[in-house]
Amino acid sequence: MLVNNFESFVENFDDDIGNYLMFLFREGVKYGIMFVLTASSTNSIRNNILQYFSNVIGLQLADSFDYKYYLEEPDGLVPAKISGRGISKINEGIYEFQTCYINEKDRINDQIKAMKEHMIS
């Protein structure tokens, strides 16, 4: 399950949503339910939620200290200053990666729709 812009998602519900989400994050793996959360800032996802995620991906973060905090690695470990570059902690390894668009920006939605049609046909 993908929750894009997690901070806005949580703001739109009462405080009880946190308890339900914690339960799903903790127990969902047993049932094959995986979660991906995106956030625009590092403090948007509380630590009591982050503890249920073993993989952390950071694109260009505002403060280099945030990489150390979230990836639990030494200072100075930051991705190259290239658009779309990021660092991820997967299991015990740290990996630098490059993201890209699947098509020209104004054609991405059309490309996704075409892929969907191809997959269901």
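Helices (H or I, at least four residues) and strands (E, at least two) are DSSP runs, numbered from the N terminus. With these terms, Ile-102 is found in the loop between S5 and H5, and the chain as a whole has five helices and five strands. This is a predicted model, in which local features need pLDDT of at least 70 and side-chain atom pairs count only at pLDDT 80 or more, while totals for chains, interfaces and linings use all residues. Residues are numbered from 1 along each chain as its sequence is written, and side-chain values use heavy atoms, with hydrogens and water left out.

**Overall layout**

- Read along the sequence, the pattern of the chain is β-α-α-β-α-β-α-β-β-α, and the C-alpha trace spans about 45 × 40 × 25 Å along its principal axes.
- Of the 121 residues in the chain, 24% are buried, where buried means under 20% relative accessible area, exposed means over 50%, and partly exposed lies in between (1.4 Å probe, protein chains only).
- The chain exposes about 9300 Å², of which carbon and sulfur atoms supply 55%; accessible areas come from the Shrake-Rupley method with a 1.4 Å probe, and for residues only the protein chains shown count as cover.

**Strand pairing**

- Strand S3 (residues 56-58) pairs with strand S4 (residues 85-90) in the antiparallel sense over three bridges, two strands being paired if DSSP finds at least two bridges between them.
- S4 also pairs with S5 in the antiparallel sense, over six bridges, and Ile-87 of S4 stands opposite Gly-58 as well as opposite Glu-96 in S5.
- S4 and S5 form a hairpin with two residues between them, and Asn-91 in the turn has a positive phi of about 55 degrees.

**Nonpolar groups**

- In soluble globular proteins, nonpolar side chains tend to be buried together.
- The largest nonpolar core has eleven residues, among them Val-3, Phe-6, Leu-21 and Phe-53, and helix H2 (residues 17-27) gives the most to this core, with four residues.
- A nonpolar core is a set of buried Ala, Val, Leu, Ile, Met, Phe, Trp, Tyr and Cys residues joined through side-chain atoms within 4.5 Å.
- On the surface, Ile-102, Ile-112, Met-115, Met-119 and Ile-120 form a nonpolar patch with about 550 Å² of accessible area together; patches are made of residues with over 30% relative accessible area and no salt bridge, like charges being joined within 9 Å and nonpolar side chains (Val, Leu, Ile, Met, Phe, Trp, Tyr) within 5 Å.
- Ile-102 and Ile-112 are ten residues apart in sequence and 8.8 Å apart in space, C-alpha to C-alpha.

**Salt bridges**

- The structure holds three salt bridges, each being a side-chain nitrogen of Lys or Arg within 4 Å of a carboxyl oxygen of Asp or Glu.
- Glu-27 forms a salt bridge with Arg-26, the closest N and O atoms being 3.1 Å apart, and another with Lys-30, where the closest N and O atoms are 2.5 Å apart.
- Glu-27 is buried, with a relative accessible area of 18%, whereas Arg-26 is partly exposed at 40% and Lys-30 is exposed at 60%.
- Glu-96 forms a salt bridge with Arg-85, with the closest N and O atoms 3.4 Å apart, and this pair links distant parts of the chain, since Glu-96 lies in strand S5 and Arg-85 in strand S4, eleven residues apart.
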